[in-house]
Amino acid sequence: MATRIRDLTSQAGQEATVQGWLVSLRKGGKIRFLVLRDGSGTVQAVVREGEVPPEVWRESGELAQEASLVISGLVRPDQRAPGGVELVVRNMAVVANGADYPITPKEHGVDFLMDHRHLWLRSSRQEAILRIRSQIELFLQTELARLGFVRVDSPILTPSACEGTTTLFETAYFEDKAYLSQSGQLYNEAAAAALGRVYCFGPTFRAEKSKTRRHLMEFWMLEPEMAFASLEDVMDVEERLISALVRHLLAESASDLATLERNPEALAQAAAGDFPRISYEEALAVAAGAGHQVAWGDDFGSPEETAIAAAFDRPVFVHRYPTAAKAFYMQPDPERPEVCLSVDLLAPEGYGEIAGGGQRIHDLELLRRRLQEQGLPEEDYRWYLDLRRWGTQPHAGFGLGIERTLSWLCGLEHVRETIPFPRLLTRLYP
Ligand code: 4AD
Ligand code: MG
């Protein structure tokens, strides 16, 4: 096996072989500098005429951007080089040369880049985002496992809605029809009654005709669910997970964050935890103070969310939204049934809601009434009602949107860069 570029430092003074793609080629008279990337890092390979076989010298002058190469040579310490080493080339095999790679170091428009998303992924910026995404997914799951949560995968083809019937993607299911899952929550509730603490993690779908920097048609959601749990438990777990995640990234993904020019200072407060917890009504007042009048009962739009979050130096919980504005399963507050035991977590800097959840209705009759009020056929939710017939208990959970979270943590302008192949209102290609 060849050495991965990030491991070259440990081979200083020795011979090594690396395989990767050409980022750039700079030519002098008898010397050529090839910058090679392999996904783990980049290294400069130096080719000198006379020190390599003549055909290698010739070929090294004809390489195009993104040529795939196998290069062997001496690993030479060099203080100025990224990674601290460069490669003095002894030999090189051109696996494939190319020509006219569409993405050049010059500026390209967003549409052009999105049309070439399959190639754009190779840029250092996209690499950094994808690595951080992987870190987030791995860390959150490890942390949940540590807290005793068991991963239980939920179905994607489902017979009924979780988050309202207006955003369902419908698909044929032989003679019948099915919907792409909007959320694994309802199935999580069944699994939580089996295992106590569970989570699901997978793609979720919303046929929402929104063309904003926060909306995708297909996004990934991490959804923990806990039996015998309350709204407060949800906020405790969210705060713990998010603050630990931020600390983890600041420590483990510092160089990727630097590639994205994300100032770690912007995340320092979130790392400290202790997220403020305000009610919907308090949030209304904060929004009004910032010049955004919202009538009691209405949901916040993105300008209001931005204004509310701006009043705090770290993510803020907004709990107890009007019951009528939320999904059928939300537990009304026993003290004030017009509001429910729901909670949204708003990220700073205008990134808006990154997680939503709360306490679920555990009373059978109340749940039936809510289904009826929202015009949802009880027949479709037979199994879900069963969970209230046997062993029902107050339980709670939430869903964390990976893309919005990543967008905030990386300081990105738009969620389109947070997922390898975004599905947007007007884009299904590539
Ligand atoms: O608030 P939502 O709709 O909550 C639920 O689906 C619950 N059933 C989750 C649960 O309690 N288990 O979605 C949760 C999160 C949002 O806060 C947001 O981060 C993300 O999912 N999200 C989207 N992300 C990108 N594009 C969209 N269209 C999104 N819709 C929701
Ligand atoms: Mg929500």
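Which domains does the domain assignment of the protein give? Select 5–96 for domain 1 and 117–418 for domain 2; these bounds come from an automatic or database domain assignment. The centres of domain 1 and domain 2, taken over C-alpha atoms, are separated by 46 Å.

Before you click on, a bit of housekeeping. This is a predicted model, where local features need pLDDT of at least 70 and side-chain atom pairs count only at pLDDT 80 or more, while totals for chains, interfaces and linings use all residues. Residues are numbered from 1 along each chain as its sequence is written, chains are lettered from A and ligands numbered from 1 in the order in which they are written, and side-chain values use heavy atoms, with hydrogens and water left out.

**Stop 1: a sheet and its surface patch**

Switch to cartoon and select 157–158, 170–173 and 176–180. (Helices, H or I with at least four residues, and strands, E with at least two, are DSSP runs numbered from the N terminus.) The three strands form an open antiparallel sheet in the order E7-E9-E8. Strands of a sheet pair through backbone hydrogen bonds, either parallel or antiparallel.

Phenylalanine 174 sits in the loop between E8 and E9 and counts as exposed, at 73% relative accessibility. (Buried means under 20% relative accessible area, exposed over 50%, partly exposed in between, with a 1.4 Å probe and protein chains only.)

**Stop 2: helix H13 and what follows**

Select 402–410. Is helix H13 enclosed or exposed? Eight of its nine residues are buried, so H13 is largely enclosed by the rest of the structure. Among the buried ones are Ile402, Leu406 and Trp408. Just after H13, glycine 411 has a positive phi of about 70°. Carry on into the segment after H13 to find proline 430; the peptide bond from tyrosine 429 to proline 430 is cis, with omega near 0°.

**Stop 3: two glutamates with positive phi**

Most residues other than glycine have a negative phi, and most peptide bonds are trans. Go to glutamate 261, where phi is near 55°. Glutamate 261 is in the loop between helices H7 and H8 and is exposed, at 73% relative accessible area. Then jump to glutamate 349, with phi near 60°, in the loop between strands E16 and E17. Glutamate 349 is partly exposed, at 42%.

**Stop 4: salt bridges**

How many salt bridges does the structure hold? There are 33, each being a side-chain nitrogen of Lys or Arg within 4 Å of a carboxyl oxygen of Asp or Glu.

- Show arginine 125 and glutamate 417: their closest N and O atoms are 2.8 Å apart. Arginine 125 lies in helix H4 and glutamate 417 in the segment after H13, so the pair ties together parts that are 292 residues apart in sequence. Arginine 125 is partly exposed at 32%, whereas glutamate 417 is buried at 8%.
- Next, arginine 360 and glutamate 225 meet at 2.8 Å, N to O. Both are buried.
- Arginine 277 and glutamate 239 meet at 3.4 Å, N to O.
- Finally, pick Arg37, Glu66 and Arg122, which are linked in a network of salt bridges.

**Last stop: the cysteines**

With a disulfide defined as a pair of cysteine sulfur atoms within 2.5 Å, the structure holds zero. The cysteine sulfur nearest to that of cysteine 162 belongs to cysteine 200, 9.5 Å away. For cysteine 340, the nearest is that of cysteine 162, at 14 Å. Cysteine 162 counts as buried at 5% relative accessibility, and cysteine 340 counts as buried at 0%.

Conventions: Pairing = 2+ DSSP bridges.
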